[in-house]
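Me: I would like to learn how to read a structural model feature by feature. Could you take me through one, giving the general idea and then the case at hand?

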Amino acid sequence: MTERTYTENIFAGTRQDLLDRIEQHLRPKRFAHVQRVERTAVKLARANDVDEEKASIAGLTHDYAKQRPDEDFIAAIKQYHLDPELLNYGNAIWHGVVGAELVKHELGIYDEDILNAIRHHTTGAVYMSPLEQIVYMADYIEPGRDFPDVDEARKITAQDLGAGVAFQTKHTLAYLIENNQKIYPKTIDTYNAWVPRYLNV
Ligand code: DGI
Ligand code: FE
Ligand code: FE
């Protein structure tokens, strides 16, 4: 997998070039996580007839901005004219939604399906392409994840990607509420779009 050359108009370099760029911004544990997300995303792509190269690139870059200081995100929200409402949130929301802009402008990845997969990997979205669903699920079920429902999440996702999305969305929202966390409104929209549709059967 290491020698893979990416299609030039998606990323100008090999997979190893991309890994080197990402590694500069992540601590070793986070760098290992994104590589596990890549492997899981590529497997899900194969099973769901989705472009494996895009799954690889989106998996590797989804947390590219996770370890940036808040100032970088605040500057990017202003520079790229993103919704000022974002300023009321923090790293949990910014590293995906704002992180996608950093991936675009720093790494030169312009593929909108990949950028949306990064944007939506934490909160989900009302509409998610198959690639977006794959990255959302790969992040949740990669082999390093260990929480009580993870084996059930893996099983459901193997059977039906959309049902996996609904499962994660429900469990994450329940977890946030249980822990008195602020809910990003789009997280609730994701819940309304996916959970009744997939889990009331
Ligand atoms: O970056 P990772 O740790 O690999 O995973 P992630 O990007 O899916 O999630 C980061 C955290 O964000 C996770 O603990 C759940 C949390 N999160 C998801 N939706 C919301 C949220 N946190 C808040 N405060 N509000 C949300 O709507
Ligand atoms: Fe993340
Ligand atoms: Fe992640």
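Me: What should I know before I start reading?

Reply: This is a predicted model, in which local features need pLDDT of at least 70 and side-chain atom pairs count only at pLDDT 80 or more, while totals for chains, interfaces and linings use all residues. Residues are numbered from 1 along each chain as its sequence is written, chains are lettered from A and ligands numbered from 1 in the order in which they are written, and side-chain values use heavy atoms, with hydrogens and water left out.

Me: Let us begin with the metals. Which residues coordinate the iron ion (ligand 2)?

Reply: Donors are N, O and S atoms within 2.8 Å of the metal (3.2 Å for Na, K and Ca); water is not among the atoms, so sites may look incomplete. Here Asp63 (OD), His95 (NE2) and His121 (NE2) coordinate the iron ion (ligand 2) at 2.1 to 2.2 Å. Their spacing in sequence is D-x31-H-x25-H. Asp63 sits in the loop between α3 and α4 (70–79) and His121 in the loop between α7 and α8, so the pair ties together parts that are 58 residues apart in sequence. The helices are DSSP runs (H or I, at least four residues; strands are E, at least two), numbered from the N terminus.

Me: And what are the protein donors of the iron ion (ligand 3)?

Reply: They are His33 (NE2), His62 (NE2), Asp63 (OD) and Asp139 (OD), lying 2.2 Å from the ion. The sequence pattern of these donors is H-x28-H-D-x75-D. Asp63 bridges the iron ion (ligand 3) and the iron ion (ligand 2), which are 3.5 Å apart. With Asp63 in the loop between α3 and α4 and Asp139 in helix α8, the pair ties together parts that are 76 residues apart in sequence.

Me: Is Asp63 buried or exposed?

Reply: Buried means under 20% relative accessible area, exposed over 50%, and partly exposed in between (1.4 Å probe, protein chains only). Asp63 has 1% relative accessibility and therefore counts as buried. Asp139 is buried too, with a relative accessible area of 10%, and His121 is also buried.

Me: How many residues of helix α3 are buried?

Reply: Nine of the ten residues of α3 (residues 52–61) are buried, so this helix is largely enclosed by the rest of the structure. The buried residues include Glu53, Lys54 and Ile57. Among the elements covering them are α1 (15–23), α2 (28–47) and α6 (99–107).

Me: What caps the N-terminal end of α3?

Reply: A polar contact is a pair of N or O atoms within 3.5 Å; within protein, one must be able to donate a hydrogen and the other to accept it, and residues adjacent in sequence count only if both atoms are side-chain atoms. Asp51 is the cap, with a side-chain oxygen 2.9 Å from the backbone nitrogen of Glu53.

Me: What describes two packed helices?

Reply: They are described by the angle between their axes and the distance between the axes. Axes are lines fitted to C-alpha atoms, for helices over the stretch in contact, and angles run from 0 to 180 degrees between N-to-C directions. In this model α8 (130–141) and helix α9 (residues 150–159) pack at about 150 degrees, with their axes 10 Å apart. They are therefore roughly antiparallel; angles under 35 degrees count as roughly parallel, over 145 as roughly antiparallel, 65 to 115 as roughly perpendicular and the rest as oblique. The contact (heavy atoms within 4.5 Å) involves Met137, Tyr140 and Ile141 of α8 and Val150, Ala153, Arg154 and Thr157 of α9.

Me: How does α8 pack with α10?

Reply: The angle between α8 and helix α10 (residues 161–178) is about 50 degrees, and their axes are 10 Å apart. The two are therefore oblique to each other. Residues of α8 that meet α10 include Pro130, Tyr136 and Met137.

Me: Where is Thr40, and what does it touch?

Reply: Thr40 belongs to helix α2, and at 11% relative accessibility it counts as buried. A polar atom of its side chain lies 2.9 Å from the backbone oxygen of Arg36. Leaving aside neighbours within four places in sequence, Thr40 is in contact with Ala138, Ile141, Glu142 and Pro143.
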